[in-house]
Amino acid sequence: MAQSINITELNLPQLEMLKNQLDQVYVPGKLHDVEHVLIDVGTGYYVEKTAEDAKDFFKRKIDFLTKQMEKIQPALQEKHAMKQAVMEMMSQKIQQLTALGAAQATAKA
């Protein structure tokens, strides 16, 4: 996101770009005003900002998301450790049940 805002440094009156259509297909387009851009602020809302304001917006958004990731990382690591412990216990139980089944099969024979 932040790298795409450097268009003002190019000083081109008509900058070629790819425009998103239907969230899957990109078609060529031209950006006529490199001083003002529309940015997606979420849930389908767009805001017109100057290129400099857009850079500041994306910097703040990146900082916010980085902080949020740092907050949830310990919880994710704990959940991953719990998942690993559960998987190990399940594997042990399956091995025990398989061994028990085999022992019962040989006892009947």
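These legends describe close-up views of one predicted model. Local features need pLDDT of at least 70 and side-chain atom pairs count only at pLDDT 80 or more, while totals for chains, interfaces and linings use all residues. Residues are numbered from 1 along each chain as its sequence is written, and side-chain values use heavy atoms, without hydrogens and water.

View A. Helix α1 has 58 residues. Its first and last C-alpha lie 80 Å apart, close to the expected 86 Å (1.5 Å times one less than the number of residues). Helices are DSSP runs of H or I with at least four residues; strands are runs of E with at least two, and both are numbered from the N terminus. At Ile72, α1 bends by about 35 degrees (the angle between axes fitted to the seven residues ending there and the seven starting there). Pro74 follows within four residues.

**View B. Buried residues of α1.** Ala51, Ala54, Phe57 and Phe58 are buried (under 20% relative accessible area; exposed is over 50%, partly exposed in between; 1.4 Å probe, protein chains only). The buried residues of α1 pack against β3 (36–42) and β4 (contact: heavy atoms within 4.5 Å).

**View C. The Asp63–Lys59 salt bridge.** The closest N and O atoms of Asp63 and Lys59 are 3.1 Å apart. A salt bridge needs a side-chain nitrogen of Lys or Arg within 4 Å of a carboxyl oxygen of Asp or Glu. The count comes to one. Asp63 and Lys59 are separated by about one helical turn, because they stand four residues apart in α1 (residues 51–108). Asp63 is partly exposed, at 33% relative accessibility.
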